[in-house]
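User: Could you take me on a close look at the part of this structure where the strands pair, along with the helices described beside them? I'd enjoy one connected account.

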Amino acid sequence: MRKTEYLLPFFIIAVGVSLLHSCRKGNSTYTIPEFPPTTVFDSITDMTPAYAKGFKVTYLSDGTPLVDIVNPQGDGTAADTFRLALVRPSHHPDIPEGYHRLSVPISSAVCTSASQVSFFVGLDSLDIIKGITGTREQHSETVRKRIEDGNMEIIGTETSPDISLIQRLSPDVVLATPEFFNNKSVGDSRLTLIPIYSAYESHPLAQAEWIKLIAILIGKEDGGSDFFGKTEQNYNDAKVSTLEVRSRPPIRLAVNENGSWKELGKKYFTETFATDAGALGQQTPKGSVPLRIGYRQSISDFEETATVSPDAVLKDLVSIIHPEVIPKDSVWVRRFFDDVIR
């Protein structure tokens, strides 16, 4: 957790939360190969994740990051681990066997999901993205304008990509969803693919922490660390604000599309949002009617924002469920949700 000055009454709580995070880091679903002891240069920002279980970062003695990527919901076998050695221009390290060498920082990329784009938005680096999938509407006006101006191409969908177009764009890397990564036509294309499993993380902060991996790829480690540090602090501040609330109503997060209610996100993901906002999620008491919080925009809008800024989503939820704790007029970014309806 980033070092931040807190008022004395919150110090003990902050320490407790930090200890929980430390414990959580050991609950990995896979094991990273052991390397000789390393010495990370002081000039290198440590991007080791504290929440995410889908990627890990270790460093060689010259500061070269070794990244192991795996599906956090998989069985964690070594064969399913994707390994990268991110080599800087002035470094000439001895790369351990099994690691793909990739020169960083990259200057161009193709994204295959809206949530991946949100990481570049957070790092103020949209100019690096040359192509995106067109399966979901982008709520970012800047992204839409770049598409209209021809600075970004629509490269098809996750399951039906335009491989020839991607090849013409000649990106340094393609950030691939599991569906894209496992597409046979993609595998035969000789594109440099990096699997991204942020959407498979069970905790909102774990999803948001994948911004660190993007930051390493584009050479903005300090920016990624700062962005996530503020997100983590704000998220936990909102969570702590509900610790002493008297009532915890059962809720559902859903969006009304064409008259049909659809649950937002994956069950375990929205469950965490509900409990951290001082409510009950799936554990609805028998005989009670859960409150449905209707999302105002599209599902993709929620997924984009919740991935990179879960702190904003959580505070908006608290402001609706417990306005006595966080008034509705003090939302960080904007109101995502309509008033609670049954």
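Analyst: Happy to. Helices here are DSSP runs of H or I with at least four residues, strands are DSSP runs of E with at least two, and both are numbered from the N terminus. This is a predicted model, in which local features need pLDDT of at least 70 and side-chain atom pairs count only at pLDDT 80 or more, while totals for chains, interfaces and linings use all residues. Residues are numbered from 1 along each chain as its sequence is written, and side-chain values use heavy atoms, with hydrogens and water left out.

Let's begin with the open sheet. Four strands make it up, in the order β1-β2-β3-β4, and the pairing is mixed. Two strands count as paired if DSSP finds at least two bridges between them. β1 (55-59) and β4 each have a single partner strand and stand at the edges, so one side of each is left without a neighbour in the sheet. On average, neighbouring strands of this sheet are turned by 25° against each other, direction ignored; axes are lines fitted to C-alpha atoms, for helices over the stretch in contact, and angles run from 0 to 180 degrees between N-to-C directions.

Six of its six residues are buried, so β3 is largely enclosed by the rest of the structure. Buried means under 20% relative accessible area, exposed means over 50%, and partly exposed lies in between (1.4 Å probe, protein chains only). F82, L84 and L86 point one way from the strand, and R83, A85 and V87 point the other way. With β2 (residues 65-69), β3 pairs in the antiparallel sense over four bridges, and D68 has R83 as its bridge partner. β3 and β4 (residues 100-103) run parallel and are joined by four bridges. There, L86 stands opposite L102, and V87 stands opposite S103.

Now to another set of strands, with β8 (residues 173-176) as the link. β5 (residues 109-111) runs parallel to β8 and is joined to it by three bridges, with V110 opposite V174. β8 also pairs in the parallel sense with β9 (residues 193-195), again over three bridges; here I194 is the bridge partner of L175.

Next come the helices. Seven of the nine residues of α2 (residues 114-122) are buried, so this helix is largely enclosed by the rest of the structure. The buried residues are A114, S115, Q116, V117, S118, F119 and F120. Just after α2, D124 takes a positive phi of about 55°.

T307 has 5% relative accessibility and so counts as buried. Leaving out residues up to four places away in sequence, T307 touches S115, S118, F119, Q207 and A208; contact means heavy atoms within 4.5 Å. S115, S118 and F119 are among the buried residues of α2.

Finally, α8 (residues 211-218) is mostly covered, with eight of its eight residues buried. Among them are K212, I214 and L217. G219 follows α8 and has a positive phi, near 75°.
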